Amino acid sequence: MKNDYYTMRELMAVAGARELKDNQNVLVGLGLPQIASILAQMTHAPGLTMILEIGVIDPQPKEPSVGIADPRIWFKSNYFTNTTGIMGSFLHRGLVDVGFIGGLEIDMYGNLNSTMVNQPGGGFRHFTGSGGANDIASLAKNIFVIMSHERRKFKEKVSYNTSSGFLEGYDSRTDIGLKGGGPSRIITDKAILGFDEESKRMKLLSVHPGVRIEDVVENTGFELLMDRVEETEPPTESEIELLREVIDPGRIYIK
Amino acid sequence: MAAASKIVKMEEAVAAIPDGSHLAFSGFAITRSPVAFAHELIRQGKKNLTLSQCIAAFETDLLVGAGLVKRLNYGGGSLDRPGPLHNVNRAIERKLFEVNEYSNLALAMRFMAGSIGIPYIPSQTILGSSILEKLLATKGDEIKTGKCPFTGDNVVMLKALTPDYAVVHVPRADKSGNAIIYGPRWDQEAAMASNHIIIIADEIIADELTPHLAQEVIIPAPRVDMVVNQPYGAHPTSVYGKYDYDRAHIEEYVAYAKTEDGMRDYLDKFVYSVKSFNEYLELIGGINRINELTADSLKKY
C-alpha cells in the first residue's frame, strides 16, 4: 500500500487530471477537483476552462481557499456573473463537459446522497444538501465523482437521491428526460470505477498500485461488475513535482 | 435629477419588516452575508420569517439558531471548510420548522421567473431526484412536472418566487440605492425577484460618482427602497474588494453553534449584549482586527 514517492490523494488528483481533456469546460468544486483541473491545465490540457458555480470563469488562484465562497479561489478570473450566468448559460445550456462532485453515499447506479443519512437508532442526520451538485449531475455531459472508498458509503441503494446518476439503471436516466450524460468515472482512494454501457451498473476499471481487488470488494456494499481490471497508472515524478512545488505547496489538499 | 435619499438607520430598516415576512438574503456560505441586518432582526425579536436562498449562508444559520424562522426554502449550504450550518441542520433533524429543499439552479430559476414577471419557468434539472419527489409531495402548488408543448420533453415547472424583501449587502452604493457589487453576484436573481430591496452598504458614494461606475452597478436605484450604511456590516463574512472573511471568528461560531446551549451563549455574547453592530465590531477586536481583515487592493481579499 505504501510507496515512497506519492500519496493516495496525489494519485487521485493525477487520476482526475488524466481523465480531463484539452479545451473542456470543467465545473469544479473545492479541493481535489480544483487541484486535478490545474494539473491538467499545466500538463496536457492548457485550454481547459475552470468554472465555479458561484459565478466565476477561468480563475488563477495562487493561495489555498476554504471553499468556492472564499475570494482566494476567484483570483485573476476573466469573468464574473450571476447564478444563472453559470448554472443556466453554461450548465443547463449543455456546455459543461465535466462536472466534479462528491457525496456521503453512492449506489450501484451512481446516484449520490449528500443530504441526509438515517441513524441506526432512528432519526437522521442532515448535511449540506445539493447546492449545485444535483444540477451538475443532471446536466453536465460527464460526471466525475471523488469519494473515499468505504463500505458504508458505497451502498446498494442511497436513502436519498440528491444527485441523479443512472437512477434504476438501463435507460431509466434518459427516459426521465435528464439531458446530461450521467456519471462516467468514480475516483476513490482504492480504485477507478465506471459504468456498464447497457445495465449502467458500477464496474471496477482499475485498482491503485498496492490495492487488491478483494480490498475494493470488501469496501463496497454491493456487487461490482468487473471483467479486465487493470492497475491504475501511477503518477509520474514530474506530476508529483508540479503538485508539490507549484499547485499545492502547502499540501493542503494532497497530503 | 437630484434623487431623494433613501438612507435610513439600521433600526428603522429592520423595524419596517413585519413579522411573517418572506426575506431573501444576499449571503453565500461565508461571503456577503447581511450580518448586521440579521443581528438587528434578532434584537428586535422578529417572528415567523420565511427565508429563501439558493445557497444558505452565515446569516441564515444565525437567524434559524435565534428561532426567528418558520420556513426555509433553500438549495443546500454550509460554511465551507470551517463547518456545517449546525442550526439549520439541527432544525431540520428535529422538525422545528418547514424546510423545502431545492438545488441551487432550481431555486435560482424560481427567482429568475420572479425577476422578469413570468408566472413560472420550465427546467430540466432535478428530474428523477429525491429533491423533486419530496417537493411534488409537499409543495405541489409551487412545482409541477409536465411536457414541453413544443418538444414533448419532460420538464419541471417552477413557480415564480417573489420574496417580500431582499436584503443585499454590497461594498458600495449611492444614497438613492444604485448598488455596486464586485466579483461574482450569485444573489442578483434573488434581489431582482423581490418586491422590495434593502441595500446594506459598507460605503456610501457620492451620487455624482455613479455615472462613472455604471458598469459596476448591479442593482439600480429604481428597484431599491432603503439604503443602510454599515461599514464592515458583513463581518465575519467577506466582501470582495473590501474585506476578508474572519476565519477565526467563523470557526469560533461553528464551535458555539454545535449545541443549542452554545448557540444561546453566542447570541448572548455577540448579539444581545450590544446595542449596535458598531459595538459588536468593538467586541470582535475593533479597529486592530478590522485592519487585519481589510482587503489588499490588488488581490481584493
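Which domains does the domain assignment of chain B give? The assignment gives domain 1 (10-101 + 162-293) and domain 2 (120-159); such bounds come from an automatic or database domain assignment. Taken over C-alpha atoms, the centres of domain 1 of chain B and domain 2 of chain B are separated by 30 Å.

This is a predicted model, in which local features need pLDDT of at least 70 and side-chain atom pairs count only at pLDDT 80 or more, while totals for chains, interfaces and linings use all residues. Residues are numbered from 1 along each chain as its sequence is written, and chains are lettered from A and ligands numbered from 1 in the order in which they are written.

Helices (H or I, at least four residues) and strands (E, at least two) are DSSP runs, numbered from the N terminus. Axes are lines fitted to C-alpha atoms, for helices over the stretch in contact, and angles run from 0 to 180 degrees between N-to-C directions. Angles under 35 degrees count as roughly parallel, over 145 as roughly antiparallel, 65 to 115 as roughly perpendicular and the rest as oblique. Two helix pairs are set out below.

| Helix pair | Angle | Axes |
|---|---|---|
| H2(B) (35-43) and H3(B) | about 10° | 9 Å apart |
| H8(B) (247-257) and H9(B) (260-272) | roughly 135° | within 6 Å |

H2(B) is therefore roughly parallel to H3(B). Val35(B), Ala38(B), Leu41(B) and Ile42(B) of H2(B) meet Phe58(B), Glu59(B), Leu62(B) and Leu63(B) of H3(B), where two residues are in contact if their C-beta atoms, placed from the backbone, lie within 7 Å. By class, this contact of H2(B) with H3(B) has 7 nonpolar residues, no polar ones and 1 charged. Ala, Val, Leu, Ile, Met, Phe, Trp, Tyr, Cys and Pro count as nonpolar, Asp, Glu, Lys and Arg as charged, and the others, Gly among them, as polar.

Helix H3(B), residues 58-65, is mostly covered, with 8 of its 8 residues buried. A residue is buried if 20 or more other C-beta atoms lie within 10 Å of its own, exposed if 12 or fewer, and partly exposed in between, with C-beta atoms placed from the backbone. The buried residues of H3(B) include Glu59(B) and Asp61(B). After H3(B) comes Gly67(B), with a positive phi near 80°.

The other pair, H8(B) and H9(B), is oblique. Tyr253(B), Tyr256(B) and Ala257(B) of H8(B) make the contact with Gly262(B), Met263(B), Asp265(B) and Tyr266(B) of H9(B). The residues of this contact divide into 5 nonpolar, 1 polar and 1 charged.

**Strands in chain B**

Two strands pair if DSSP finds at least two bridges between them. An open sheet of 3 strands has the order E5-E7-E6 (chain B), with antiparallel pairing. Strand E5 (120-123) and strand E6 (143-147) of chain B are at the edges with a single partner strand each, so one side of each has no neighbour in the sheet. From one strand to the next, the twist averages 30°. E6(B) is joined to E7(B), residues 154-159, by 5 bridges, and Gly146(B) stands opposite Val155(B) in E7(B). Helix H5(B), residues 104-116, lies across E5 and E7 of chain B and runs at about 145° to E5(B).

Elsewhere, E1(B) (residues 22-25) and E2(B) pair in the parallel sense over 2 bridges, with Leu23(B) opposite Leu51(B) in E2(B). E2(B), residues 49-53, is largely enclosed by the rest of the structure, because 4 of its 5 residues are buried.

**Single residues**

Ala29(B), in the loop between E1 and H2 of chain B, has a positive phi near 55°. Is Ala29(B) buried or exposed? It is buried, with 29 other C-beta atoms within 10 Å. Lys76(A) also is not a glycine and has a positive phi, of about 55°, but Lys76(A) counts as exposed, with 10 C-beta neighbours inside 10 Å. The peptide bond from His235(B) to Pro236(B) is cis, with omega near 10°.

**Contact between the chains**

In chain A, 47 residues are in contact with 44 residues of chain B. H3(A) gives the most to the side of chain A that touches chain B, with 6 residues. That side of chain A divides into 17 nonpolar, 23 polar and 7 charged residues.
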